[in-house]
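Subject: Structure handover

Hello,

Here is the structure I promised to pass on. Please open it alongside this note.

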Amino acid sequence: MSKSRPSVFWKALGLGVVAGMRSMTAPALLSSALRAKPSGRLAQSALSWMQSKTASRGLKLMAGAEMVSDKLPGMPDRTVPPVLLGRILSGALVGAVLYKTGRGSLFTGAAVGGLGAVAGTFAALRLRKLASERTSLQEPWPGFVEDALTVATGKAVLSGYKPKR
């Protein structure tokens, strides 16, 4: 196992967890990081769009819209199958991209990111419920705290990220 493999594993798992918290934040943060430091490993692949200015801007807009819509009444629970599937696919995408830039298997990266998303989905839901039950915070405030935690976690996971050229 190469020295960079554990780093790629943990980044894929961590960013997968972020995708479970907010499905669009993980791809938005990764796309922004790739825009700043493009990877030659993605240049000729089907995932090259993740490095584009258009993708970076679009994903940021979608992440912001998701954070706003999360606070609206009547939004479906994050664990209903279609919503959970979206989070898993988001985690799989970021995991595959990270593994591709780290010279790893797309399928392994997708699996690691997708599993991280499942863990992040259920852990964030539990934390949000606990915040409402055991503190004076009532909705939508736990959602705002979750937004901040999601962005901070994603940035921490990607800190020092240097994709292979």
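Below is what turned up, taken by topic: helix packing, the pocket, then the backbone.

One caution first: this is a predicted model.

**Helix 2 against helix 4**

Start with helix 2, residues 25-36, and helix 4, residues 53-69. Their axes come within 8 Å and cross at roughly 150°. An angle over 145 degrees counts as roughly antiparallel, so helix 2 is roughly antiparallel to helix 4. The crossing is left-handed. On the helix 2 side, the contact is made by Thr-25, Pro-27, Ala-28, Ser-31, Ser-32 and Arg-35. Helix 4 brings Lys-53, Ala-55, Ser-56, Leu-59, Lys-60, Ala-63, Glu-66 and Met-67. By class, this contact has six nonpolar, four polar and four charged residues.

**Helix 2 against helix 5**

Helix 2 also packs on helix 5, residues 81-101; here the axes come within 9 Å and cross at roughly 25°. An angle under 35 degrees counts as roughly parallel, so helix 2 is roughly parallel to helix 5. Helix 2 passes helix 5 in a left-handed crossing. From helix 2, the residues are Ala-26, Pro-27, Leu-30 and Leu-34. They meet Ser-90, Leu-93, Val-94, Val-97, Leu-98 and Thr-101 of helix 5. This contact divides into eight nonpolar and two polar residues, with no charged ones. Note Pro-27: it is listed in the contact with helix 4 and again in the contact with helix 5.

**Helix 6 against helix 7**

The axes of helix 6 and helix 7 come within 9 Å and cross at roughly 140°. Helix 6 passes helix 7 in a right-handed crossing. Ala-124, Arg-128, Ala-131 and Ser-132 sit on the helix 6 side of the contact. Pro-142, Gly-143 and Glu-146 sit on the helix 7 side. The classes are three nonpolar, two polar and two charged.

**The largest pocket**

What is the volume of the largest pocket? About 520 Å³. The pocket is lined by 22 residues. Closest to its centre are Asp-70, Met-75, Pro-76, Arg-78 and Arg-128. Arg-128 also belongs to the contact of helix 6 with helix 7. Helix 4, helix 5 and helix 6 (106-134) each supply at least two residues of the lining. The lining divides into eight nonpolar, five polar and nine charged residues.

**Backbone points**

Most residues other than glycine have a negative phi, and most peptide bonds are trans. Two places here depart from that.

Which residues does the cis peptide bond join? Glu-139 and Pro-140, with omega about 10°. Pro-140 lies in the loop between helix 6 and helix 7 (141-158).

Arg-103 is in the loop between helix 5 and helix 6.

Best wishes

Conventions:
Residues numbered from 1 in each chain as written. Predicted model: local features only at pLDDT ≥ 70, side-chain atom pairs only at ≥ 80, totals over all residues. Heavy atoms only, no water. Axes fitted to C-alpha atoms, helices over the stretch in contact; angles between N-to-C directions. Helix = DSSP H or I, 4+ residues; strand = E, 2+ residues; numbered from the N terminus. Parallel < 35°, antiparallel > 145°, perpendicular 65-115°, else oblique. Left-handed = near helix turned anticlockwise from the far one by under 90°. Contact = heavy atoms within 4.5 Å. Nonpolar A, V, L, I, M, F, W, Y, C, P; charged D, E, K, R; others polar. 1 Å grid on protein atoms, 1.4 Å probe; cavity = no way out; pocket = protein on both sides within 12 Å on 5 of 7 lines; lining within 4 Å. Points joined across faces, edges and corners; volume = space filled by probe spheres on them.
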